[in-house]
Amino acid sequence: MLYTDCAERGMEMTEIDQAFVDRIMPRRAPEANKNAFGRILCVCGSAGYTGAAYFATQGAVRMGSGVVTLAVPEKAWPVLAVKLNEPVVRPLPCGADGMFSLEALPALLELTARADALLIGCGLGRSDGVTAIVEGLLRQAACPIVLDADGINAIAAHKDILQQAAQPVVLTPHAGEFARLSGIRQAEPAQLTHFAQEQRCILLYKGHRTLIAAPDGTLYRNHSGNPGMAKGGSGDVLAGMLVSLCGQGIPPLQAACAAAWLHGRAGDLAANTLSEYGMTPSDMLRLLPMLLKRYNTREW
């Protein structure tokens, strides 16, 4: 579908809708076990930002991952180990600031070697140690990577590292994070496409009518979602949903499109039920499974 804001540049933008997502989402084999649905590693959180790690891992759980592991700085472990039941929460070395220290990298690489998809960033904070860890994981991880929030901030000064990544990388910046990464404020679709091509990454640009740009020059636009989703934690839920779909074997570009639409629809259900004012990311997590019922193998 050709949109007027892209027509002048000769760019074709595909709209993401229910039918688009239905073609992506698989039915589950009745005899499958948890290993068939992805082993996810989330490298998230710090002593001051435990909520972001919570929402990201719960997004992965609710999206259907078989096993979700959350690696956190040891000072954040007491909070998250109590709050999270389904994920495995692993404490790793951190500094006095409550953020990962470089000493955590070997253990993180060991955990990554057993993962089907990796999420880096939600609530990590900013430090030299965090930057070194993000760089190390990007260079060595052997699975698809979702880079969100402080994971994006960590590479803002040297984004060319994306070209050195061993596996496909999906970036999920909002406008402010993309401005720090690219120097572009109020990015136009053509600029997003150019960035994705230049850095050989998939770019999910969050906001009103989220845009997804791919290295092959294709561009997608999501139309689900509402202003009630403009609350802290919403983006973390999206990151968890996206890494979950990658871990379930869905190609990263298709996973990004499906996650964006399902995330927005969960927000729409929450707004219709609880109002744009009163809805929360926790409500979106609670309502997301209602959207996924259509992909059951049959009515049980």
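Predicted model: local features only at pLDDT ≥ 70, side-chain atom pairs only at ≥ 80, totals over all residues.

Q: Why would the side chains in a strand point two ways?

A: In a regular strand, side chains alternate between the two faces of the sheet.

Q: Which way does β7 run relative to β8, parallel or antiparallel?

A: Strand β7 (residues 169–171) and β8 run parallel and are joined by two bridges. Leu171 has Leu203 in β8 as its bridge partner.

Q: And how many bridges join β8 to β9?

A: Three bridges join β8 to strand β9 (residues 211–213), and these strands run antiparallel. Here Leu203 has Ala213 in β9 as its bridge partner.

Q: What do β8 and β9 form?

A: They form a hairpin with five residues between the two strands. In the turn, Gly207 has a positive phi of about 155 degrees.

Q: New topic: how many aromatic pairs are there?

A: The count comes to four aromatic pairs. In one of them, the ring centres of Phe178 and Phe195 are 5.2 Å apart and the planes stand at 75 degrees, so this pair is edge-to-face.

Q: Where are Phe178 and Phe195 in the chain?

A: Phe178 belongs to helix α8 (residues 175–182) and Phe195 to helix α9 (residues 189–199), so the pair links distant parts of the chain, 17 residues apart. Both Phe178 and Phe195 are buried.

Q: What about the rings of Phe178 and Tyr205?

A: Their centres lie 5.6 Å apart with the planes at 75 degrees, so the pair of Phe178 and Tyr205 is edge-to-face. Phe178 lies in helix α8 and Tyr205 in strand β8 (residues 202–205), so this pair ties together parts that are 27 residues apart in sequence. Phe178, Phe195 and Tyr205 form one aromatic cluster.

Q: Let us move to β2. Why is it described as largely enclosed?

A: Four of the five residues of strand β2 (residues 39–43) are buried, so the strand is largely enclosed by the rest of the structure.

Q: Which strands pair with β2?

A: One is strand β3 (residues 67–73), which runs parallel to β2 and is joined to it by five bridges. The chain passes from β2 through helix α3 (residues 50–62) to β3, in a right-handed β-α-β crossover. Strand β5 (residues 117–120) also pairs with β2 in the parallel sense, over four bridges.

Q: Which residues face each other there?

A: Leu41 stands opposite Thr69 in β3, and Ile40 has Ala117 in β5 as its bridge partner.

Q: What is in the loop between β2 and α3?

A: Ser46 is found in that loop. Its relative accessibility is 3%, so Ser46 counts as buried. A polar atom of the Ser46 side chain lies 2.9 Å from the backbone oxygen of Gly123. Beyond its neighbours within four places in sequence, Ser46 is in contact with several residues, including Pro73, Ala76, Gly98 and Met99.

Q: Finally, which residues touch the most others in the largest nonpolar core?

A: Of its 62 residues, Met25, Leu70, Leu80, Leu119, Ile212, Leu242 and Leu262 touch the most other members. Helix α11 (residues 252–274) supplies the largest share of this core, twelve residues. A second, separate core of 45 residues includes Val43, Ala71, Ile120 and Leu138.

Definitions and conventions: Residues numbered from 1 in each chain as written. Heavy atoms only, no water. Buried < 20%, exposed > 50% of the residue type's maximum accessible area, 1.4 Å probe, protein only. Pairing = 2+ DSSP bridges. Right-handed = clockwise from strand over helix to strand, strands pointing away. Core = buried A, V, L, I, M, F, W, Y, C linked by side-chain atoms within 4.5 Å. Polar contact = N/O pair within 3.5 Å; in protein donor to acceptor, adjacent residues only side chain to side chain. Contact = heavy atoms within 4.5 Å. Phe/Tyr/Trp six-rings, centres within 6.5 Å; stacked < 30°, edge-to-face > 60°.
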